[in-house]
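Thanks for coming. I have one model to go through today, so let me put it on the screen.

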Amino acid sequence: MWILTYHQIKIKTLFFINECGGGPPASLFRIPDGSIVILQRGTIKKKVRVVKGEASECDFHIASLNTKTAQLFRVNNEQRFLLVFNKKTNIIRMFRAPVTRGTAQFKLDPNRLHDNTITLGGPFIDDFGIYSTRKTITVIRHGACKTFKILKSNVETPDLFFQLTKNNASKFGLRNGKSYRLAYNQITNRLVIGTQVT
């Protein structure tokens, strides 16, 4: 779950989007709106009221905390967490989940001036949890490693894709139009490109 922090949210409130259309199944949706639960991370505990938003076609589940509450739990804005609800104890436990896995299509970037740039298209940045403040990202595959400037594509599409120039495609062994398994780590800011899937 993607944790966002805001000053406007009440201090003792955990707000999350109800049944995010693009996200994986989540046990939190079984918690009734308005319930009082115990939020716990490690030894830190606090009672909060669950407030559920409207169903949405967002690409990843989103929870929001007041900025001061987030500081108490040592949570920074846009970090990814696994939230697990225990109905018997009424506790939601928080576990840091910095690695997001998925697939995306690779497309050649014809612009030769982009040799130090990676273009990320569709909901790539949101789906993989790349901080909005990130300006660069390190790409790794089969021993090849390079840090690129991030460029967000202006193409409107629901499909995830990434672009590199021909030189970089050769460096990483990528084939135009093919999709690859990817894993992004928020902590290390590394995008690991795995096997081709199509």
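Where does Arg134 lie? Arg134 is in the loop between helix H2, residues 124-127, and strand E10, residues 136-141. Before I go on from there, a word on the source. This is a predicted model, with residues numbered from 1 along each chain as its sequence is written. Local features need pLDDT of at least 70, side-chain atom pairs count only at pLDDT 80 or more, totals for chains, interfaces and linings use all residues, and side-chain values use heavy atoms, with hydrogens and water left out. Helices (H or I, at least four residues) and strands (E, at least two) are DSSP runs, numbered from the N terminus.

Back to Arg134. With a relative accessible area of 26%, Arg134 is partly exposed. On that scale, buried means under 20% relative accessible area, exposed means over 50%, and partly exposed is in between, using a 1.4 Å probe and protein chains only. Leaving aside neighbours within four places in sequence, Arg134 is in contact with Ile150, Tyr184, Gln186, Ile187 and Asn189, where contact means heavy atoms within 4.5 Å. Ala183 is 49 residues from Arg134 in sequence, and the two are 17 Å apart in space, C-alpha to C-alpha.

Asn189 lies in the loop between strand E13 (179-185) and strand E14 (190-196). Its phi is positive, about 60°, although it is not a glycine. Most residues other than glycine have a negative phi. Asn189 is buried, with a relative accessible area of 9%. His142 also has a positive phi, about 50°, and is not a glycine. His142 is in the loop between E10 and E11, and is exposed at 68% relative accessible area.

Now the overall picture. The protein has three helices and 14 strands, and its C-alpha trace spans about 55 × 30 × 25 Å along the principal axes. Of the 198 residues, 48% are buried. Taking contacts between residues at least 6 apart in sequence, 72% join residues at least 24 apart.

Which strands form the barrel, and in what order? Seven strands close into it in the order E8-E12-E9-E11-E10-E14-E13, with mixed pairing. The twist averages 40° from one strand to the next; axes here are lines fitted to C-alpha atoms, for helices over the stretch in contact, and angles run from 0 to 180 degrees between N-to-C directions. Two strands pair if DSSP finds at least two bridges between them.

Take E9, residues 117-121. E9 pairs with strand E11, residues 144-152, in the parallel sense over four bridges. Thr117 has Lys149 as its bridge partner in E11, and Thr119 stands opposite Leu151. With strand E12, residues 161-164, E9 pairs in the antiparallel sense over three bridges. There, Leu120 has Phe162 as its bridge partner.

Why is E9 described as largely enclosed by the rest of the structure? Because five of its five residues are buried. Thr117, Thr119 and Gly121 point one way from E9, Ile118 and Leu120 point the other way, and all are buried. In a regular strand the side chains alternate between the two faces of the sheet.

Asp159 sits in the loop between E11 and E12. Not counting residues up to four places away in sequence, Asp159 touches Gly121, Gly122 and Pro123. Asp159 and Gln105 are 54 residues apart along the chain, with their C-alpha atoms separated by 8.2 Å. Thr165 is in the loop between E12 and helix H3, residues 166-172. Thr165 counts as buried, at 3% relative accessibility. Beyond its neighbours within four places in sequence, Thr165 is in contact with Leu108, Asp109, Asn111, His114 and Asp115.

Strand E3, residues 36-41, and strand E7, residues 91-96, pair in the parallel sense over three bridges, and Leu39 has Ile92 as its bridge partner in E7. Strand E6, residues 79-86, runs antiparallel to E7, joined by six bridges, with Leu82 opposite Phe95. The hairpin of E6 and E7 has four residues between the strands, and in it Asn90 takes a positive phi near 65°.
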